[in-house]
Amino acid sequence: MPAPGENLRINPARLWDSLMDMAKIGPGIAGGCNRQTLTDADGEGRHLFKRWCEAAGMTMGVDTMGNMFFTRPGTDPEALPVYMGSHLDTQPTGGKYDGVLGVLGALEVVRTMNDMGVTTRHPIVVTNWTNEEGARFAPAMLASGVFAGIHTEDYAKSRLDPEGKAFGDELARIGWVGDEVVGARKMKAMFELHIEQGPILEAEGKTIGVVTHGQGLWWLEITLTGKDAHTGSTPMNMRVNAGLGMARITERVHQIAMSHQPNAVGAVGQVFVHPNSRNVIPGKVVFTVDIRSPEQAKLDAMRAEVERAAHAVAAELGLGCSIEPVGHFDPVTFNPDLVRVVRGAAEKLGYAHMDIVSGAGHDACWINRVAPTTMIMCPCVDGLSHNEAEEISPEWAAAGTDVLLHAVLEVAEVVE
């Protein structure tokens, strides 16, 4: 059978209905979602996804990290499968589309293939990766990292959330420990559809982002130790103020990122202040610095400069200082052949597109280590993500999923 023509499109209304139905599970307080990994809501979302995939004729496999794989057979049982997917977990104040579009868009691709009676030589697998966000258990992209051999399973399952609960215990509690060995699956290719999480596509008037590279990242958890003291009765020159140290380091992170422009970003995102009382000078602050660049040399330089700055500030203020890397990946170059497939699909379908670098980390960044991988992006309103106000249009969702459909069919090889 020749390659499907540009008239083959997904069902936009069905895709949008699925997105809205999943958003009802773990609703946020301001229109978004709070479906953090390995919570009861995550378990409920997994069950709904399972029902949908099985209704579409796919069979489920789950590995010991809780990664979910749903397979649509191909005509050649020896052919390596083509994978597509993303993640269903969200930030504590997350949107309805980050990650979820990539999972449910992949499901919609299979539903459309079923509707049209399309058969492929290679099997097709729809995937939900566990704990992509890293909001509850750091680091991010944890289970795909185990799959790719970046982390050991013991390390991953020993990660603790802020309440001291272990990843492995919580995965068992919600009932999603599978029996497959993590990383045993082999892939012909993997595609990940995702919202951009940035403002570039919308600002440029482009519907599709052809993702060529991904930024590298360091998460540095800094612990400053001073002395709890009364804010009213402790003289200024006798304070050992961990909060002041954090403030100065936060400013230095911004300055360091600005000094490495273009293609460098940095900020402090997560902060725990102890004892966090109105009238107590903070005796301990734990916070995470997030620095990113698609250029390895800049990423390495920024990490070194942040660490030097943190120790210098601590020494000046008489604070104890420890720094622990809690997340990292090097800059990513996605598979050039798959990038060309995505670009060709966007052109065939008539969607305005541009090459883009992913500013965020994604499961595809790890899977790229073990299989040919690339990403497809659609815009999001004002570039807003990791926020309950995150928004996309049904037309953008459909366009990204149309490109996913045609790219996957080309690589999976449509047959008569």
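Student: Hi! Where does histidine 386 lie?
Tutor: Histidine 386 lies in the loop between strand E16 (373-378) and helix H12 (394-412). Helices (H or I, at least four residues) and strands (E, at least two) are DSSP runs, numbered from the N terminus.

Student: What kind of model is this, and how are residues numbered?
Tutor: This is a predicted model, where local features need pLDDT of at least 70 and side-chain atom pairs count only at pLDDT 80 or more, while totals for chains, interfaces and linings use all residues. Residues are numbered from 1 along each chain as its sequence is written, and side-chain values use heavy atoms, with hydrogens and water left out.

Student: OK, back to histidine 386. Is it buried, exposed or partly exposed?
Tutor: Histidine 386 counts as partly exposed, at 40% relative accessibility. Buried means under 20% relative accessible area, exposed means over 50%, and partly exposed is in between (1.4 Å probe, protein chains only).

Student: And what does the side chain of histidine 386 make a polar contact with?
Tutor: Its partner is the side chain of aspartate 98, at 3.2 Å. A polar contact is a pair of N or O atoms within 3.5 Å; within protein, one must be able to donate a hydrogen and the other to accept it, and residues adjacent in sequence count only if both atoms are side-chain atoms.

Student: Which residues does the UniProt "binding site" annotation cover?
Tutor: According to the unreviewed UniProt entry, it covers Asp98, Glu133 and His386. They span 289 residues in sequence, yet no two of their C-alpha atoms are more than 9.6 Å apart, so they gather at one spot. UniProt positions are given in the numbering used here, feature names are shortened, and annotations may be inferred rather than shown by experiment.

Student: What about glutamate 133: buried or exposed?
Tutor: Glutamate 133 is buried, with a relative accessible area of 6%. You'll find this residue in the loop between strand E5 (124-128) and helix H4 (142-147).
Tutor: Rings of Phe, Tyr and Trp (its six-membered ring) pair if their centres lie within 6.5 Å; planes under 30 degrees apart count as stacked, over 60 as edge-to-face and the rest as tilted. In one of them, phenylalanine 49 and phenylalanine 70 have ring centres 5.1 Å apart and planes at 80°, so the pair is edge-to-face. Phenylalanine 49 is in helix H2 (residues 40-55) and phenylalanine 70 in strand E2 (residues 68-72), 21 residues apart.

Student: Which residues form an aromatic cluster?
Tutor: Phe69, Tyr83, Trp129 and Phe147 form one. Both phenylalanine 69 and phenylalanine 147 are buried.

Student: Last one! What order do the strands of the open sheet have?
Tutor: The four strands go E10-E12-E8-E13, with antiparallel pairing. Strand E10 (265-274) and strand E13 (320-329) are the edge strands, each pairing on one side only. Two strands pair if DSSP finds at least two bridges between them.

Student: How many bridges join E10 to strand E12?
Tutor: Nine bridges join E10 to E12 (residues 284-293). For instance, glycine 266 has isoleucine 291 in E12 as its bridge partner.
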